[in-house]
Amino acid sequence: MQIRSRRAPERPARSGVPSSLQVSSSSGFPSTPNGGWASRRSSVSRAKATTPKYLICDKDSIFWCDTFKRWCKRKTIRPRFGAVGQHGSIAVVERFIRTMKDEGTRKILIPQRQAGFRRELNSFVIWYNEHRPHTTLRGKTPNDAYFRLRPANRRPRIEPRKRWPRRSPCAGPRTLVAGQPGDRFALRVEFHDGKRHLPVVSLKRA
C-alpha cells in the first residue's frame, strides 16, 4: 500500500454544493442576519461570472421576505423554498450539511480566524465534488455528473483472480476487464490538500 499526501487538481466545484451553502460559507454571520445581508452575500457568485438558476432555501425570515425576493427577481434567479415543517423537503441541502459536519468540520480543530475557516470549507467542497462518490449519483462524483465524465466505477476494472473468465459478470455496474485476469494491483491512498480526513483512494495495476 502506498500512502502519500497530495493536492488534488482543482476544477470548478459547482454541481455538488447548493448555492445557498456556497453563500453561507463565504463570510461571517452578523448577530441577526436579514434579507439584505443574504442578498449581499449571495452576490459572491457575480465575482466568478456565474449566476445560479435556483437558490434553494428554507423559509427563514432572511429568505422569506420582500428584500430577498426582489434581489432574486433582479438577478433572474428563481428562489426555491422547502415546505414548512415537512421533513426532507430540502433533503439534498440537509444531507450535504450533515456530510460536511460528519466528514469535514468534526474531523478538525476549527480555525478561530474567518479566513482559515473559509479555507477549510473550500478544501472540503473541492474534495466533495472531485473525489467523493455518491450513492444517489450511482457512484459518480458531482464533478463527474456536471462535466459528463466517465466515473471510476464505469471504467475497465482490475481483475485479481487469475482464472476468472473475462466474460463472467461482476458486481454492478458491469464493466470490462482491463489487462489480463490475475493482474497485481496497488491500493493508493492520498490526501487532498494533505488533510487526512479527506482521503483520495485509487487502485493502480502494479
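In this predicted model, Thr 76 sits in the loop between helix 3 (66–74) and strand 3 (78–81). Its phi is near 55°, a positive value in a residue other than glycine. Most residues other than glycine have a negative phi. Thr 76 is also exposed, with a relative accessible area of 66%. The residue follows helix 3.

Phe 68, Trp 71 and Cys 72 are its buried residues. They span an arc of only 100° around the axis, so they share the same side of helix 3. Asp 66, Arg 70, Lys 73 and Arg 74 are exposed on the other side.

How many disulfides does a search of the whole structure find? The search finds 0. For Cys 65, the nearest cysteine sulfur is that of Cys 72, 9.2 Å away. For Cys 72, the nearest cysteine sulfur belongs to Cys 57, at 6.6 Å. A disulfide requires two cysteine sulfur atoms within 2.5 Å. Cys 65 counts as buried at 18% relative accessibility, the cut-off being under 20%. Cys 72 counts as buried at 0%.

The overall fold can now be set out. The protein has 6 helices and 5 strands. From the N terminus on, the elements run β-α-α-β-α-β-α-α-α-β-β. Of the 206 residues, 34% are buried. The accessible surface is about 14,000 Å². Carbon and sulfur atoms hold 50% of that surface. Among contacts with a separation of 6 or more, 52% link residues 24 or more positions apart.

Helix 4 covers residues 91–103, 13 residues in total. Its first and last C-alpha atoms lie 18 Å apart, close to the 18 Å expected at 1.5 Å a residue. Which residues of helix 4 are buried? They are Val 93, Phe 96, Thr 99 and Met 100. Seen down the axis, these buried residues fall within an arc of 125°, so they line one face of helix 4.

The loop between helix 5 (114–131) and helix 6 contains Arg 138. Thr 141 belongs to the loop between helix 5 and helix 6 as well. Is each of these residues buried or exposed? Arg 138 is exposed, with a relative accessible area of 71%. Thr 141 is buried, with a relative accessible area of 7%. Arg 138 has a phi near 60°, a positive value in a residue other than glycine.

What does Thr 141 touch, leaving aside residues up to four places away in sequence? Its contacts are Asn 129, Glu 130, His 131, Arg 132, Pro 133 and His 134.

Pro 173 lies in the loop between helix 6 (142–147) and strand 4 (185–192). The peptide bond from Gly 172 to Pro 173 is cis, with omega near -5°. Most peptide bonds are trans.

Strand 4 pairs with strand 5 (residues 199–205) through 7 bridges. The two strands run antiparallel. Within this pairing, Arg 188 stands opposite Ser 202 in strand 5. The hairpin of strand 4 and strand 5 has 6 residues between the strands. In this hairpin, Asp 193 takes a positive phi near 60°.

Note on methods:
Residues numbered from 1 in each chain as written. Predicted model: local features only at pLDDT ≥ 70, side-chain atom pairs only at ≥ 80, totals over all residues. Heavy atoms only, no water. Helix = DSSP H or I, 4+ residues; strand = E, 2+ residues; numbered from the N terminus. Buried < 20%, exposed > 50% of the residue type's maximum accessible area, 1.4 Å probe, protein only. Contact = heavy atoms within 4.5 Å. Areas by Shrake-Rupley, 256 points an atom, 1.4 Å probe, with all protein chains shown as cover. Expected span 1.5 Å × (residues − 1). Arc of directions from axis to C-beta. Pairing = 2+ DSSP bridges.
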